[in-house]
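Colleague: I have not looked at this one before. Can you put it up and take me through a few parts?

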Amino acid sequence: IITFTTGDGDSPENASRFVRTLKRKATVESQACSNVAFSVLGLGDTNYSKFCQTACIVDKQMAACGGTRAWALMKADEATGLEEVVEAWQEGVYEKVKEACFRGSVDAGAEQSPTEQPPTANGGDPKADKAPPASSSVVPPPVPTSISPTPPPPAAPAPAPTPTTTTTTTPTPASHSPGVALVVAACSQLPSSPDPTTYTAPSTLQTLLPTASSSAALNLPTSDPTPLPNNNDETNSITVSISETQTSTDSRTHYTSTQPYTSSVLSARYLTMDGSEARESGGRRVMEVCLSLPDDFSFSYSPGDSVGVCVPNPPSAVSLVADRISGPKSVTIDGRDVPIAEFLQDRVNIMGVLRRRELEALSPFCSSPAEASCLLFLGSKVGSSAYSSVVSSNSLSLVDALTLFPSLSPTADALSSAFCGVSPRYYSVTSSPLQDPTRVTIAFAVVDYTAPTTHLRKLGLATHHMESLCLPLLSASPRVAGLPAGLRPPLPPMKLRTFPHPTLHFR
């Protein structure tokens, strides 16, 4: 079972009746899933408090209804990349469910008809039954043995010209683009690694499609006359621990990541010494920023909470990506043609670390075969070690990939389908509403470093944006900063889109 959560911990629309049926007391008492082996994969995002709640409910209730849990619940996190968990579940779930079903069929067969059990010579393993024909089908090649003596010995010197041809066809490192050279160098440090410049994708994995039998196994009613379970009825509802700790500070009904509040920057300062000098040299610097809140107390918080900050991609990065886009320079969204520059502002995470599925999606848009193969290799399971040393360790983003792979020129539609939007960043509150409920203070370290292998300068998307936004306050001389508000020179507007993010685990 693969499911996700929508809204405030709600089930998907096409799964709501299934979940309600599992939660009914009658379903649990009848043990409707007693002949079902199952495994649940949840898809979610840890940026939301009720992470994979629907998957947790389904997993718990399937077991409560008598189902056999073939494999433990697995939860994939969009914030860190779904691929690792999803691929592991996809590759192992069939074997786990088959083992659970096979154990059940063997037990039932032992009681009814012992003669139906597999022969003891094969240890009761169905795979072993197929092993002899497989080996016997491979043994017949006596043909190669009869052919091998036929060719004369002069065939042995034939390999002599092969070294000369291989050296001429293999591209020299000087001919590689920076990205290809980086991947090749990483693979040279790995034992038995394939050539990334000639890597081709294997056959695609089978897709998981729902079948009518999956819903028929639970005998779901065609009509739903039974009223919905009361959330206050402990026998008919599932209470997730995180919902029990909700407090009045959960003000996201007023402001959320999709409907943030526009805060004004009231003050900003460096908490580290020589912050201005460190900014020029890329050194460590910690900032404190004070933000305004609405006067109607609709943006409330408590100590231990965080503030979510929504920031756009930097204009320089947007311009670089827009120049490399091939095809139409606009994207149709909700029936409206959106210019590519506007589309790239916050709808595509061009500054985030590239995920494996994004690398695979980018590979067809390289005109260089070597670059296309390297991107495909980094996105594959075979290239997981190279992905760690090249992409993860260097925090390689789409902007970096366009710099390292010159032939890469994706379309706007490809970015729209393969990349997610820019996620908000969260920063701990360093103030108390008891002092002033109309303002909040956050503190953070500005991300600014040089990648170890690519030697590209890496700037934090949100921290660099806030530092640049606050430069008029940070660079003001002490004499000017000490003047009364009415005597200070006017400052440009400094706005940030924010929303409260209660930290329930703190309480």
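Modeller: This is a predicted model. A place to start is helix α8, where the cover over the buried residues includes α15 (369-379), α16 (384-392) and α17 (398-404).

Colleague: Which residues of α8 are buried?

Modeller: In α8, residues 178-188, the buried ones are Gly179, Val180, Leu182, Val183, Ala186 and Cys187. Looking down the axis of α8, they fall within an arc of 160 degrees, so they line one face of the helix.

Colleague: Why would residues a few places apart point the same way?

Modeller: An α-helix has 3.6 residues a turn, so residues three or four places apart point the same way.

Colleague: Other topic. How many salt bridges does the structure hold?

Modeller: There are 11 salt bridges. One of them pairs Arg285 with Asp448, with 3.0 Å between the closest N and O atoms.

Colleague: Where do Arg285 and Asp448 lie?

Modeller: Arg285 is in the loop between α11 (275-281) and β7 (286-292), and Asp448 is in strand β13 (residues 448-450), so the pair ties together parts that are 163 residues apart in sequence.

Colleague: Are those two buried or exposed?

Modeller: Both Arg285 and Asp448 are buried.

Colleague: And what about Lys25 and Glu29?

Modeller: Their side chains form a salt bridge at 4.0 Å, N to O. Both residues belong to helix α2 (residues 25-29) and sit 4 residues apart, about one turn of the helix. Lys25 is partly exposed, at 43% relative accessible area, and Glu29 is exposed, at 57%.

Note on methods:
Residues are numbered from 1 along each chain as its sequence is written. This is a predicted model: local features need pLDDT of at least 70, side-chain atom pairs count only at pLDDT 80 or more; totals for chains, interfaces and linings use all residues. Side-chain values use heavy atoms; hydrogens and water are left out. Buried means under 20% relative accessible area, exposed over 50%, partly exposed in between (1.4 Å probe, protein chains only). Helices (H or I, at least four residues) and strands (E, at least two) are DSSP runs, numbered from the N terminus. The arc is that of the directions from the helix axis to the C-beta atoms. Contact means heavy atoms within 4.5 Å.
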